Each structure stands twice: as structure tokens, then as C-alpha cells.
Amino acid sequence: MTRIDVPSETLVVEIGKDGLNIVETFMQMSGMDDSAQVICDICSKPLGKMKDVKHIESPETITIAVRNGFKPEQMLKATEDMLKGQGEKNPDDLMEIVFESWKSIVDKSETPWALCEDCYKSIQIYIKKR
Ligand SMILES: [Zn+2]
């Protein structure tokens, strides 16, 4: 079994007869009090305290960007590196699952997303495509 950490969710996957199965997912609820350190909801870059966060986007905005083809490249790259670090020879199959599961997180999301400068900019490109 392989554990995959994506922002706000951990997946446990195993390779069975029919390919990859998601065995379990855990949502990680992050506290939102004023002194908590906030990380970018897309790439997990530290953003400082909640009051210092410059870019907050509604979940609807993120959904629109994803529908227009936005991919969380930084997050996918970090996950791929992590899988390779675990000795995973074919991270590509797993990456499909990571991206699919990330999209379902976006769909289910009802809370605003804190974004770093880079992710904010890359999201804007896809929102304007509308
Ligand atoms: Zn980011």
C-alpha cells in the first residue's frame, strides 16, 4: 500500500488485480484560528498568518478554473517527487488518481481557498478563459 498526501487529504492506494484501488481517504481538517499558520491550499507553500493572506478565492472560482483546464502543477510535482522518493517506479498511474481525487476535493469544497502569489496568478489565467 502507498500513502499519498495531497493538500487536505491523504489517500491510501494499493495495486490489485484490476489496477489501482483507493483503499481509504482521510480528510485533514486544518484549524482556522487567528494564530494558525496558513498554507497555500494548492501547493502547500507557507503563507504566514490568516490575516496576512492576500489571496482568498471562493471554491466556485477554483471549480471554474479546474473546468477550464487548470492543473495544480506545483502540488502534482511535489507528490510525484514524494512517490519517487518512496521508490515508486511508475508514478504516472498514481498521478492520475491524485489529480482525480484532488478534483473531487475541489468539487466538495465549501470553504474559501487561501492561495499564494504563484497559484493565484496561474488560477487567474484559467478564470479569464471563461
Ligand atoms: Zn500555491
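Modeller: The axes of helix α2 (residues 73-85) and α3 come within 10 Å and cross at roughly 140 degrees. Axes are lines fitted to C-alpha atoms, for helices over the stretch in contact, and angles run from 0 to 180 degrees between N-to-C directions. This is a predicted model, in which local features need pLDDT of at least 70, side-chain atom pairs count only at pLDDT 80 or more, and totals for chains, interfaces and linings use all residues. Residues are numbered from 1 along each chain as its sequence is written.

Colleague: Which orientation class do α2 and α3 fall into?

Modeller: Angles under 35 degrees count as roughly parallel, over 145 as roughly antiparallel, 65 to 115 as roughly perpendicular and the rest as oblique. The axes of α2 and α3 cross at roughly 140 degrees. The pair is therefore oblique.

Colleague: What is the handedness of the crossing where α2 passes α3?

Modeller: A crossing is left-handed if the near helix is turned anticlockwise from the far one by less than a right angle, and right-handed if clockwise. For α2 passing α3, the crossing is right-handed.

Colleague: How many nonpolar residues are in the contact of α2 with α3?

Modeller: Two residues are in contact if their C-beta atoms, placed from the backbone, lie within 7 Å. On α2 the contact uses Leu-76, Thr-79, Glu-80, Leu-83 and Lys-84, and on α3 it uses Pro-91, Leu-94, Met-95, Val-98 and Phe-99. Ala, Val, Leu, Ile, Met, Phe, Trp, Tyr, Cys and Pro count as nonpolar, Asp, Glu, Lys and Arg as charged, and the others, Gly among them, as polar. The contact of α2 with α3 has 2 charged residues, 1 polar and, as the number asked for, 7 nonpolar.

Colleague: What is the handedness of the crossing of α1 and α3?

Modeller: α1 packs with helix α3 (residues 91-108) at an angle of about 140 degrees, and their axes are 8 Å apart. The crossing of α1 and α3 is left-handed.

Colleague: Are α1 and α4 roughly parallel or roughly perpendicular to each other?

Modeller: Their axes lie 8 Å apart, at an angle of about 70 degrees. The contact joins Thr-61, Ile-62, Ile-64 and Ala-65 of α1 to Ile-123, Tyr-126 and Ile-127 of α4. With that angle, α1 and α4 are therefore roughly perpendicular.

Colleague: Is Asp-81 buried or exposed?

Modeller: A residue is buried if 20 or more other C-beta atoms, placed from the backbone, lie within 10 Å of its own, exposed if 12 or fewer, and partly exposed in between. Asp-81 sits in helix α2. Because Asp-81 has 11 C-beta neighbours inside 10 Å, it counts as exposed.

Colleague: How many helices and strands does the protein chain have?

Modeller: Helices (H or I, at least four residues) and strands (E, at least two) are DSSP runs, numbered from the N terminus. Along the sequence the pattern is β-β-β-β-β-β-α-α-α-β-α. That comes to 4 helices and 7 strands.
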